[in-house]
Amino acid sequence: MSVLISLYLEQSNSGTNRTTYVMECVSLPPLSNFAICGGTHGNELTGVYILREMQKHNVEKVGSVSITTVLSNPRAVDACRRYTDRDLNRCFTDDLLSSPITESTPYELRRAQELNAHLGPKGSEEAVDLLCDMHNTTSNMGLCIIFNSADWLILHICKYLQSKITSMPVRALQMDLPLSEAFSVDSLGKHGFSFEIGPQPHGVLRADVFNTMKEAVDLTIEWLQQFNSGRTFEGGEVEAYTRWKTVHYPRDPTTDEITAAIHPQLQDNDFKLLQPGDPIFLSLSGETVKHEGDALYPVFVNECAYYEQKIAYHLTQKSTLTLPSINVKKD
Amino acid sequence: VSLARFDEARRVAIFGGTHGNEMSGVTLVNLWVKNGSEIQRKMVDTKPFITNPRAVEKCTRYVDTDLNRAFTPENLSALGEGDLPYEVQRAQEINRIFGPKGSPEAYDVIFDLHNTTSNMGCTLILESSKDYFNLQMMNYIKVTDIRLKSLLKASIQLVECCFTSVNIVLCDWFIAGLEVGPQPQGVLRSNIFEAMRVILKHALDFIELFNEGVEFPTCTVEVFRVLERIDYPRDANGNIIAMVHPNLQDGDWEPLNPGDPMFLTFDGKTLHYQGSGTIYPTFINEAAYYEKQQAFVTTRRETLVASAIRKA
C-alpha cells in the first residue's frame, strides 16, 4: 500500500496563503471475513445475547462478507463471571500465545491459544480480516470503539458509526501498543477493535445498551458490504483518545486496602476534561483529593473489574487523526 | 393500640457483606470495625459485623448458596458442621452470636445492609405492617433529613416481603433490611455509600432517643406491599427471550398501568403489562435475580398507621 501526499498552495478569499495537504485515495484489499466475539468476559451480557440472536438466526453470510460468531469464554459465561482462572482479554500477547500448554495451564490461556488457531494466527495471512469483540463497562462511556493501532479501515468504521448512531455518544480510543504486546482478543484479526458500551452493571442486560450494540454491529457489516462493493469512503478527521495513563485508588500503606471512592463530581463524567484542582477522590473519612498535573480526559471511571488492580480510571489526551479516502483494491 | 411499649434497644448489630459484592455495606462495616466511634450511642452496644467474609474476599454474592435465603429452620438445625455448605455454617454461626430469638443474649435491632442494581433509591425492607418500631424509625429519618431527599431519587419506602432472609429467623427482633441502589455489584459509588451512612446515623439517633424515653406520636407512613414476582419471558429451554423494556427500566416506584410496555424482545417486539390494575414495580432488572427468575416485583401502594411508641 503506497500513499502519495500532494502539497498545494492556495489563496483564500482574504488573500493569505494557506497550505493544504491532500492525501490521495488509498486502495485496500477486500474484507471477506468478519469474526464477531462476545462473552470474552462472561458477565458482560450484551455481547453474549447479541451472539445468541445471531446464532439463532444462522447469520453466516451477509452479501460479500462471511461472518463467524464466537463465544470467547463459554465457561465464564456459564458462571456469569468475568473469568474462571484469569482474564481472557489479557492472554493474547505473542509470549502468552506461544507458551507451552501443560496440565496446570489456566483455562483462559488454553482458550486463548484455541482462539488464536481458529481466528488467527495473530499476525499471519490466515488471520480473519476483521475481528470485533463486544464488551460492557460499569463506567459511563457511551459507545467506545477501542483499537490498538489506528489503521485507516478502523478509523473509517469509527467515522461511519459516528455519523449514523444517535442514541449515545460514539468515541474512538486508541491503545497504540506494539503488535507483539497487544493483549486483547481483537489483536488476532488483521484488523481488530472492540465495542465497549456502558454504563451497564455486570450481570445485567439493559435493552437500550443491547439495541445500540446491535445497531453498531449491523452498521459495521453494512460498511463492510459497501466497502467490498466499491464505494469510496471520503477522508476526513476522527478524534481519538490516546496515551493512556493509569490512576490508582489511594490505599492504606499497610493493608493495601482502598481508602477512597471516586468523587461524586468525577463519577459518571468520563470524557469530561479534568482540570488541575478538580476533585477526583472522596476518602472514607471525608477528605477530597484533587487532580494535579495536565488537563486530561478520564475514561473507565469506576469500572468494577479494575478494583482488582486498584485502578480508579485512566487519563487520556485527545488527538485528531487524519484519514485519506479509501476504497477497495480492484485486481 | 394507641401506644405500643417496647423494651429498650440495648444491643444493635449492623451487618455488611451478606452478599459479598454489595460494596456499601462491606465498606461501612469494615470502616466501623476499625473505628466504631461514628456508630456509638449512649447506652447502646453497636456491633458492626461482616456476615459472609469468604464471599466478601472473593467479591462475589455467595460462595455455595445465598446467605440471605439460608436462614431456614432446617438449615439452622442441620448437623454436619464442616460438610455443610459455607453459608449454612455461617447462618448457624450468626444465629449463635446474635440470637437465638427469645434468649436474653439476643440482639434487639439488626440492620442488614444491601445494594441493588435496580434504581430503587433508599429502601427499608420490613417484614410486617405491624412493625411499629421500624415504621416510626422510618418516619423519623424522613422527617429529620432534607438532605437525604436531594441525595437520591426515591425517599425511603417500605416493602413487605416473604423471603427466607436474615429477617425471618430474627423476627422477634426489629430488623431492617436496607437496600440502596442503583449500584453495580463490585462497585463503590460515593453518593450511595454516603446515603447509607447518613440513614444509619439517623437510625441510631432514633434508637438513642427511644432509649431515653422519648415518645414518638402516632404517624402515617406510605408503604409498598409486595404482591408478586414477574419473570422474564423464556423459551422452552429456559433462555430469556426478552429484556426489560426501556420504558420500564429504571422506573422503580413509578406506576405501571395495564397496557404499558413491560418487555422488549430481541427482535424489537414490545410485550405489555397485562395485569388488572396499576401496580408499582420495584427490583427492576436486579442482576442477582436472573437466576431467581425475577425481572421485577409488583407492589401495591398503601398508607399505614403506626401507633405511638415509647420505651417500656
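K201(B) is partly exposed, with a relative accessible area of 39%. The model in which this residue sits is predicted. The side chain of K201(B) meets that of D205(B) in a salt bridge, with 2.8 Å from N to O.

**Salt bridges within the chains**

Over all chains, the count comes to 34 salt bridges. Side chains of opposite charge can pair when their charged atoms come close. A pair in chain A, K56(A) and E53(A), also forms a salt bridge, and its closest N and O atoms are 3.3 Å apart. These two residues are 3 residues apart in helix α1 of chain A, and so are separated by about one helical turn. K56(A) is exposed, with a relative accessible area of 51%, whereas E53(A) is buried at 10%.

Another salt bridge of chain A joins the side chains of D129(A) and K190(A), at 3.2 Å from N to O. What does this pair tie together? D129(A) lies in the loop between α4 (107–119) and β7 (130–136) of chain A, and K190(A) in the loop between β9 (170–174) and β10 (191–198) of chain A; the pair therefore ties together parts that are 61 residues apart in sequence. D129(A) counts as buried, at 10% relative accessibility, while K190(A) counts as partly exposed, at 35%.

In chain B, salt bridges also link several residues in a network, whose members are E22(B), R61(B), D66(B), E291(B) and K292(B).

| Residue pair | N to O distance |
|---|---|
| D268(A) and R189(B) | 2.7 Å |
| D205(B) and K201(B) | 2.8 Å |
| D129(A) and K190(A) | 3.2 Å |
| K56(A) and E53(A) | 3.3 Å |

**The interface between chain A and chain B**

Contacts between the chains involve 28 residues of chain A and 29 residues of chain B. The two chains bury about 2400 Å² between them, and 57% of this area is on carbon and sulfur atoms. How many salt bridges are counted between chain A and chain B? The count is 3, and one salt bridge across the two chains is formed by the side chains of D268(A) and R189(B).

On the side of chain A that touches chain B, at least two residues each come from α1 (45–56), α6 (207–228) and β12 (260–262) of chain A. By class, that side of chain A has 14 nonpolar, 7 polar and 7 charged residues.

**Annotated domains**

An unreviewed UniProt entry places the feature "domain: Succinylglutamate desuccinylase/Aspartoacylase catalytic" at residues 33–218 of chain A. In the model, the end C-alpha atoms of residues 33–218 of chain A lie 15 Å apart, and the span is 32% helix and 22% strand.

For chain B, an unreviewed UniProt entry places the feature "domain: AstE/AspA barrel-sandwich hybrid" at residues 220–300. The span of residues 220–300 of chain B is 0% helix and 37% strand, with its end C-alpha atoms 16 Å apart.

**Two buried positions in chain B**

Q294(B) is located in the loop between β12 (280–282) and β13 (296–306) of chain B. Is Q294(B) buried or exposed? Its relative accessible area is 2%, and Q294(B) is therefore buried, the cut-off being under 20%. Apart from neighbours within four places in sequence, Q294(B) is in contact with R229(B), I230(B), D231(B), Y232(B), F283(B) and Y289(B).

V12(B) is found in strand β2 (residues 11–16) of chain B. With a relative accessible area of 0%, V12(B) is buried. Which residues does V12(B) touch, not counting residues up to four places away in sequence? They are V44(B), D45(B), T46(B), K47(B), Y107(B), V109(B), F111(B), L204(B) and I207(B). V12(B) and F98(B), 86 residues apart in sequence, are 9.5 Å apart in space from C-alpha to C-alpha.

Technical notes
Residues are numbered from 1 along each chain as its sequence is written. Chains are lettered from A and ligands numbered from 1 in the order in which they are written. This is a predicted model: local features need pLDDT of at least 70, side-chain atom pairs count only at pLDDT 80 or more; totals for chains, interfaces and linings use all residues. Side-chain values use heavy atoms; hydrogens and water are left out. Contact means heavy atoms within 4.5 Å. Buried area is the accessible area (1.4 Å probe) that two parts lose on being put together, summed over both. A salt bridge is a side-chain nitrogen of Lys or Arg within 4 Å of a carboxyl oxygen of Asp or Glu. Helices (H or I, at least four residues) and strands (E, at least two) are DSSP runs, numbered from the N terminus. Ala, Val, Leu, Ile, Met, Phe, Trp, Tyr, Cys and Pro count as nonpolar, Asp, Glu, Lys and Arg as charged, and the others, Gly among them, as polar. UniProt positions are given in the numbering used here, feature names are shortened, and annotations may be inferred rather than shown by experiment. Buried means under 20% relative accessible area, exposed over 50%, partly exposed in between (1.4 Å probe, protein chains only).
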